[in-house]
Amino acid sequence: MESAWLLPDLDDPTTGGFWEACARGELVVQACGACGAWRMPPRPMCPSCQSTTTTWVPTSGRGRIWSFIVPHPPLLPAFAEKAPYNAIVVELEEDPSIRFAGNLVTHADGEIDEIDPATIAIGEPVRVVFHRIDDVVLPRWARA
Ligand SMILES: [Zn+2]
């Protein structure tokens with residue numbers, strides 16, 4: 001069954017390793033197999049040295065809110081039902097140039113509209129939590 005949510009392709013050769021790690025409860029970052037530079041989102045070639053070899057590096061799963069928005073209509077039906085909700089961008093604790101998009105929730109299986117967007121602050125410490133939708137395990141963020 002096709003989900004009403006926008007879900008990733010788990011078989012994509014470039015990003016599949018990220019989703020496999022999420023399913024294990026681990027937040028990873030793609031690293032260049034030649035020079036070691038980290039990059040997010042995953043992509044086939046290193047922008048620093050043009051190598052196409054890659055590895056996946058475990059992270060702390062901790063970060064800070066770098067930015068956030070409160071999406072407004074028009075929204076896809078599954079998201080319109082939840083509005084107002086938040087979408088945040090998190091900078092990773094060990095490398096703030098690595099950023100993840102997601103939602104701030106109260107706990108792993110919380111709803112994306114449970115937190116009043118007026119209470120969200122840039123710089124707030126957060127930690128990753130993992131939420132399953134169909135076959136996909138998505139990283140989300142909870143206050144640390
Ligand atoms: Zn490289």
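Q: Quick one to start: how exposed is Pro96, as relative accessibility goes?
A: Pro96 comes out at 42% relative accessibility, so it counts as partly exposed. On the cut-offs used, buried is under 20% relative accessible area, exposed is over 50%, and partly exposed is in between, with a 1.4 Å probe and protein chains only.

Q: What kind of model is this, and how are residues numbered?
A: It is a predicted model, where local features need pLDDT of at least 70, side-chain atom pairs count only at pLDDT 80 or more, and totals for chains, interfaces and linings use all residues. Residues are numbered from 1 along each chain as its sequence is written, and side-chain values use heavy atoms, with hydrogens and water left out.

Q: Thanks! Back to Pro96, which element is that in?
A: Pro96 sits in strand 6. Helices (H or I, at least four residues) and strands (E, at least two) are DSSP runs, numbered from the N terminus.

Q: Let's zoom out. What is the secondary structure of the protein chain?
A: There are 2 helices and 8 strands. Reading from the N terminus, the order is α-β-β-β-β-α-β-β-β-β.

Q: How does the radius of gyration compare with the globule rule?
A: The radius of gyration is 16 Å, close to the 15 Å that the rule gives for 144 residues, so the chain is as compact as a globular protein of that length. That radius is taken over C-alpha atoms, and the rule is 2.2 Å times the number of residues to the power 0.38. Along the principal axes, the C-alpha atoms fill a box of roughly 45 × 40 × 25 Å.

Q: How much of the chain is buried?
A: Buried residues are 40% of the 144.

Q: Now helix 1. Is it enclosed or open?
A: Helix 1 (residues 16-23) has 6 of its 8 residues buried, so it is largely enclosed by the rest of the structure. The buried ones are Gly16, Gly17, Phe18, Trp19, Ala21 and Cys22.

Q: What covers those buried residues?
A: The cover includes strand 1, strand 3, strand 6 (95-102), strand 7 (125-133) and strand 8 (136-143). Just after the helix, Gly25 takes a positive phi of about 80 degrees.

Q: Which sheet order do the 3 strands take?
A: The 3 strands form an open sheet in the order 2-1-3, with antiparallel pairing. Strand 2 (38-39) and strand 3 (54-58) are at the edges, each with a single partner strand, so one side of each has no neighbour in the sheet. Two strands pair if DSSP finds at least two bridges between them.

Q: How many bridges join each pair?
A: Strand 1 (residues 28-32) has 2 bridges to strand 2 and 5 bridges to strand 3.

Q: Who stands opposite whom?
A: On the strand 2 side, Gln30 is opposite Arg39 and Ala31 is opposite Trp38. Towards strand 3, Cys32 is opposite Thr54.

Q: What about the turn between strand 1 and strand 2?
A: Those two form a hairpin with 5 residues between them, and Gly36 in the turn has a positive phi of about 85 degrees.

Q: Changing topic: which peptide bonds are cis?
A: One is Met40 to Pro41, with omega near 0 degrees, and Pro41 is in the loop between strand 2 and strand 3. Another is Ala83 to Pro84, with omega near -5 degrees. Pro84 is in the loop between helix 2 (77-80) and strand 5 (87-92).

Q: Which residues have positive phi without being glycine?
A: Gln50 is one, with phi near 65 degrees; Gln50 lies in the loop between strand 2 and strand 3 and is partly exposed at 47% relative accessible area. Asp134 is another, at about 55 degrees. Asp134 is found in the loop between strand 7 and strand 8, and is partly exposed at 42%.

Key. Contact means heavy atoms within 4.5 Å.
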